[in-house]
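I will look things up one by one and write down what I find.

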Amino acid sequence: MKFSSTSPLRHAPAATIAILVIAIGVTILSTALGPDKFSALALQYGKGIKPLQWLTSTFVHPNMLLLASTLIPLACFCFFLEGKIGTPVFVIAFALIAVSANAAAQFAMQGYKSPVQSIAIDTSEIIYPGRTDPLTAQEKATLAKADEQRRKAAESSKSFAPGASPAVFGLMVICLMWAPLSSFIIGDEDDENLKIPMLLPVIVFIGAEAAKWFVMKFSLAGLPVHLIGLVPGLGLGAFFLAGGVVDQTNAPAFDLGELGEGELTARHRLERKRERKQHAAKLRQDRRQAAREKAKLLKESAAVVKPRQQQQTVKADPLVIKAQEAMEAGDPEAAFSHLMELKYPYERKHFEVEGFEEIAQHYMKEKRWDQVITVLKESIAAHETDAIDHQLKLAKIYLAMKRPEDCQARLGKIPRRALSSEQQDQYRQLVMQLRQAG
């Protein structure tokens, strides 16, 4: 489905889509979490000057009904304006309109108070019918307390104007200044499209705003404040007209030559359609070729890597044999030195877990705890689940060395299902000791 306009558009609506996605996303979150979560982002009246709200309030709609009343015209006007001037200039123009209109509205409504706040009650003058004696001190205190609670509730009540209505008014007046008789086109071919006059979203938007103003009982914070968006819109529209931007964007996108515009447009669309099909076919062919080459490279790399790993394993065997011979000779330090010459942990799996245990015991007798930790780590890396005892022992050493974070991390790596009943008892004891230490 193609969207275009009778007035030539030259740019894709990237920023328009982003604005709509943000507005819809914030509205969905506001509906799910409640408007109170987003009230600080809406344009609040009578609660001071808050510059951040000048921009954020454009995307805040407390429910889908209010969003629907501005979403369609917002999409139409943003789509048209961005298609004319491009994404960077459009983003600047949109931000200027939204920020300036909301800033002016917040400044103008600094002294705004809700009708509840403006009502004052003098409890000392209250007289009940049929009663001649004055109010007692307790009755006056009760009425005064009720009046104070009412005032606090009024002060906490929200007086804000969410939504993109001021920005839409500004965008609307620019579009009407540029192309008042243009239409939006939905469809690919001239005989199979739908044309929507630009005046239609204008009528829909103004009607929706008037309806909301009526529902709000003609509040000053409604339609009159939203009309402020017309001022920056008129200014920007006049600036673009004076700079000749409209004439440039309305120029044909290609040379007409000797043919009529309608004939060349139809031919041009047909050529573009054929070019897109050819380009898509070429992309599919290139992807298939790239997939075949990738599979070939993976097969070749596997054929190279596997023998290389086998060679590394063969090279590792003499070092493992030397380590075993050193253990038999009663030299665990030399045995561990030979093992550390192996490059990969899986090459040390030929050295038994019991051998690692003897080396660890040797260093423990000498109280060389850093070396003990290194030995246990290498044993765990080489034998994985076969070295669960070493996992538990390493966690216990970390706890004794007052390294609870390392102890907790090590316990988290132990597969609980692989523990025997005795190992489970050790695990629980370590967890309890860790909690006590923490």
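What share of the contacts in the chain with a separation of 6 or more comes from residues 24 or more positions apart? I looked it up, and the share is 72%. I note at the start that this is a predicted model.

**Entry: the whole chain**

I went through the secondary structure next. The chain has 18 helices and 5 strands. Then I checked burial. There are 438 residues, and 34% of them count as buried. I also looked up the accessible surface, which is about 26,500 Å² for the chain. Carbon and sulfur atoms hold 60% of that surface.

**Entry: two helices that meet**

I wanted one helix pair to study. Two packed helices are described by the angle between their axes and the distance between the axes. I picked helix 4, residues 87-108, and helix 10, residues 230-242. Their axes come within 9 Å. The crossing angle is roughly 150 degrees. An angle over 145 degrees counts as roughly antiparallel, and therefore I wrote down helix 4 and helix 10 as roughly antiparallel to each other.

Which residues meet there? From helix 4 I listed Val89, Ala93, Leu96, Ile97, Ser100 and Ala101. From helix 10 I listed Pro232, Gly233, Leu236 and Phe240. I sorted this contact by class and got 8 nonpolar residues, 2 polar ones and no charged ones.

**Entry: looking for disulfides**

A disulfide is a covalent bond between the sulfur atoms of two cysteines. How many disulfides does the count come to? The count comes to 0. I wanted the reason, and I took Cys78 and Cys175. The cut-off for a disulfide is a pair of cysteine sulfur atoms within 2.5 Å. The closest cysteine sulfur to that of Cys78 is in Cys175, at 8.3 Å, so the gap is too far for a bond.

**Entry: Gln53**

I found Gln53 in helix 2, residues 51-56. Gln53 has 3% relative accessibility; because buried means under 20%, I marked Gln53 as buried. What does Gln53 touch, leaving out residues up to four places away in sequence? My list reads Ala40, Leu41, Ala42, Leu43, Gln44 and Gln106.

**Entry: Leu200**

Leu200 sits in helix 8, residues 199-215. Its relative accessibility is 43%, and Leu200 counts as partly exposed. I then looked at Leu200 together with Pro73. These two residues are 127 residues apart along the chain. Their C-alpha atoms are separated by 8.9 Å.

**Entry: two lysines in loops**

I turned to backbone angles. Lys367 has a phi near 60 degrees, a positive value in a residue other than glycine. Where is Lys367 found? I traced Lys367 to the loop between helix 14 (353-365) and helix 15 (369-383). Lys367 is exposed, with a relative accessible area of 63%.

Lys402 also has a positive phi, near 60 degrees, and is a residue other than glycine. I placed Lys402 in the loop between helix 16 (388-400) and helix 17 (404-412). Its relative accessible area is 74%, and Lys402 is exposed.

Conventions. Residues numbered from 1 in each chain as written. Predicted model: local features only at pLDDT ≥ 70, side-chain atom pairs only at ≥ 80, totals over all residues. Heavy atoms only, no water. Axes fitted to C-alpha atoms, helices over the stretch in contact; angles between N-to-C directions. Helix = DSSP H or I, 4+ residues; strand = E, 2+ residues; numbered from the N terminus. Parallel < 35°, antiparallel > 145°, perpendicular 65-115°, else oblique. Contact = heavy atoms within 4.5 Å. Nonpolar A, V, L, I, M, F, W, Y, C, P; charged D, E, K, R; others polar. Buried < 20%, exposed > 50% of the residue type's maximum accessible area, 1.4 Å probe, protein only. Areas by Shrake-Rupley, 256 points an atom, 1.4 Å probe, with all protein chains shown as cover.
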